[in-house]
Amino acid sequence: MEHADAVPIAELLDERRYLLDVAYWMLGGPREAENVVDETYRRWYGLSDAERRQITAARSWLARTAGGICLNRLTHPDRSATGQKEDRRTETGDAEGVRTRLVEEVSRVLLNALDSLPPPERAVFVLHDAFGMAPDTVADIVGRTEPECAELADRARHSLRTRHSRPTTPDEHDALAHAVRRACVSEDAGLLASLLCPDATAFFDGGGKVRTLIRPAHGSRRVAHSLLTLLAHRPRTTLTTQSVNGRTGLVARYDRQVAAVISLDITDRRVAQVWVVLNPEKLRSWNQPPAPGSRQGPAQRSEGWS
């Protein structure tokens, strides 16, 4: 290996873990993820020295390559669904170690739901929402335009919400949303965690325009910690319960400008999924002055920090 190719071992391991995460989310099995990463590195070392020198960001090239391999396997599976299920049950050794580490970060419920998505939707959702890849990179991997990818991501999010949200009455949803707000206002991590499903997942959409969590937070304690950190009480901030997508959600403001809109998916009287929109472009409509003659409904009443 030439001196210019030398990379710190920590960086090498982190890079491989990142690629394994991407492949695992897209394909759903540790053994499949290992195979994809191995193939990705085979392609890297299959390049000529001159070709590798032209690549300015090796990790980005590897991620693009891994994503492309995964999408191809989703679109053209080379083995039966039965074989895939057997792989998930019988992995041992190193592959089982990969599974153990990844399961700590990824909701099993969400992973199963991803299996129901068409390959392009799954790819866009995983690469953009879960791993924060730039829209142009995702579009390049999937072979669609950026607007088409945005539409695919929206469809994927809607499908996941529909799958995981069992019907709850408006009163039940309203009561739980207000309880979540009170827990956030009082900064009570224990109370907030008790309002969440044990395997709750929180997604943070910053659109690459604000610094926020790239990967979803999984588990009631992690979700509670992430929300309390995001919504920590500061001067000139407010947290209100308002109508979000037709159901009561939370709206955080700083200097009267909406900074975050949070929708809640509820099942069995607990919050199963939290969707946090922080992307300033998606919040533009929230920061427009109200139309003449408009008024707030019951679910849009303001409750500031107490």
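Before you click anything, one word to know: a residue is buried if its relative accessible area is under 20%, exposed if over 50%, and partly exposed in between (1.4 Å probe, protein chains only). What you have open is a predicted model, where local features need pLDDT of at least 70, side-chain atom pairs count only at pLDDT 80 or more, and totals for chains, interfaces and linings use all residues. Residues are numbered from 1 along each chain as its sequence is written, and side-chain values use heavy atoms, with hydrogens and water left out.

**Stop 1**

Select Phe 203 and Trp 275. Are they buried or exposed? Both Phe 203 and Trp 275 are buried. Rings of Phe, Tyr and Trp (its six-membered ring) pair if their centres lie within 6.5 Å; planes under 30 degrees apart count as stacked, over 60 as edge-to-face and the rest as tilted.

The whole structure holds 3 aromatic pairs. In one of them, the ring centres of Phe 125 and Phe 203 are 5.8 Å apart and the planes sit at 65 degrees, so this pair is edge-to-face. Phe 125 belongs to helix 8 and Phe 203 to strand 1, so the pair ties together parts 78 residues apart in sequence. Helices (H or I, at least four residues) and strands (E, at least two) are DSSP runs, numbered from the N terminus.

Turn to Phe 203 and Trp 275: they are stacked, at 4.4 Å centre to centre with 15 degrees between the planes. Trp 275 is in strand 6, so its pairing with Phe 203 of strand 1 links parts that are 72 residues apart in sequence.

**Stop 2: strand 6 and its partners**

Select 270–277, which is strand 6; 6 of its 8 residues are buried. Two strands pair if DSSP finds at least two bridges between them. How do strand 1 and strand 6 run, parallel or antiparallel? They run parallel, joined by 6 bridges, and strand 1 covers residues 196–205. Click Asp 205 to find its bridge partner in strand 6, Val 277.

Strand 5 meets strand 6 in the antiparallel sense, with 7 bridges. Leu 264 stands opposite Val 274 of strand 6. This hairpin has 2 residues between the strands, and there Asp 268 takes a positive phi near 55 degrees.

**Stop 3: another hairpin**

Strand 3 and strand 4 pair antiparallel over 8 bridges. Strand 3 has 6 of its 8 residues buried, so the rest of the structure largely encloses it. Val 244 has Arg 247 of strand 4 as its bridge partner.

Now click Asn 245, in the loop between strand 3 (237–244) and strand 4 (247–254). Its phi is near 55 degrees, positive in a residue other than glycine. Most residues other than glycine have a negative phi. Asn 245 counts as exposed because its relative accessibility is 66%.

**Stop 4: the core**

A nonpolar core is a set of buried Ala, Val, Leu, Ile, Met, Phe, Trp, Tyr and Cys residues joined through side-chain atoms within 4.5 Å. The largest one has 43 residues, and those with the most contacts inside it are Leu 19, Trp 25, Met 26, Phe 125 and Met 133. Which helix gives the most to this core? Helix 1 does, with 9 residues.
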